[in-house]
Amino acid sequence: MNPDRVAAIVNRRVSLEELREALEGPIGEDERAEILRLVQWFTRRYPSSEERLAYARQAYARWSRKRRGD
């Protein structure tokens with residue numbers, strides 16, 4: 001899929017009804033399993049609270065720089 005198509009999908013406006021449906025609907029088993037896999041990976045990679053917080057700070061700084069265009 002080309003980048004313009006991906007951007008169009010990601011940045012599209014959704015109706016209030018679509019948003020409600022997405023937020024209030026059930027999570028599928030595949031999505032649930034993927035979320036659990038990601039949580040398990042993250043907690044293995046960053047086992048302590050201090051490591052998780054340090055990662056969050058670094059990630060936030062990186063995301064902020066990208067938004068500003070640094």
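Q: Why is Glu 51 called partly exposed?
A: In this predicted model, Glu 51 has a relative accessible area of 34%. Buried means under 20% and exposed means over 50%, with partly exposed in between. The value of 34% lies between these cut-offs, so Glu 51 is partly exposed.

Q: Where does Glu 51 lie?
A: Glu 51 belongs to helix 4, which covers residues 49-68.

Q: What makes the approach of Glu 51 to Ser 48 a polar contact?
A: The side chain of Glu 51 comes to 3.0 Å from the backbone nitrogen of Ser 48. A polar contact needs a pair of N or O atoms within 3.5 Å, one able to donate a hydrogen and the other to accept it. The distance of 3.0 Å is within that limit, so it meets the distance cut-off.

Q: How far apart are Glu 51 and Val 6, in sequence and in space?
A: Glu 51 and Val 6 are separated by 45 residues in sequence and by 33 Å in space, taken from C-alpha to C-alpha.

Q: Why does Arg 57 count as exposed?
A: The relative accessibility of Arg 57 is 57%. Exposed means over 50%, so Arg 57 counts as exposed. Arg 57 is also placed in helix 4. Between Arg 57 and Arg 37 there are 22 Å in space, C-alpha to C-alpha, and the two are 20 residues apart in sequence.

Q: What is the secondary structure of the protein?
A: The protein has 4 helices and 0 strands. Along the sequence the pattern reads α-α-α-α.

Q: How does the radius of gyration of the protein stand against that of a compact globule?
A: For 70 residues, a compact globule would have a radius of gyration near 11 Å, but the protein has 17 Å. The C-alpha trace spans about 40 × 35 × 25 Å along its principal axes.

Q: What share of the residues is buried?
A: Of the 70 residues in the protein, 4% are buried, that is, under 20% relative accessible area. The accessible surface of the protein is about 6,800 Å², and carbon and sulfur atoms account for 54% of that surface.

Q: How far apart are the mean positions of the positive and negative charges?
A: The protein has 15 positive and 12 negative charges, and their mean positions are 9 Å apart.

Q: Which elements have the lowest and the highest mean pLDDT?
A: Helix 1 (residues 3-10) has the lowest, at 91, and helix 3 (residues 29-45) the highest, at 97. The average over the protein is 93, with 99% of the residues scoring at least 70.

How values were computed
Residues are numbered from 1 along each chain as its sequence is written. This is a predicted model: local features need pLDDT of at least 70, side-chain atom pairs count only at pLDDT 80 or more; totals for chains, interfaces and linings use all residues. Side-chain values use heavy atoms; hydrogens and water are left out. Helices (H or I, at least four residues) and strands (E, at least two) are DSSP runs, numbered from the N terminus. The radius of gyration is taken over C-alpha atoms; the globule rule is 2.2 Å times the number of residues to the power 0.38. Buried means under 20% relative accessible area, exposed over 50%, partly exposed in between (1.4 Å probe, protein chains only). Accessible areas come from the Shrake-Rupley method with a 1.4 Å probe; for residues, only the protein chains shown count as cover. Lys and Arg count as positive and Asp and Glu as negative; His and the chain ends are not counted. The place of a charge is taken as NZ of Lys, CZ of Arg, CG of Asp or CD of Glu. pLDDT is the predictor's confidence in each residue, from 0 to 100.
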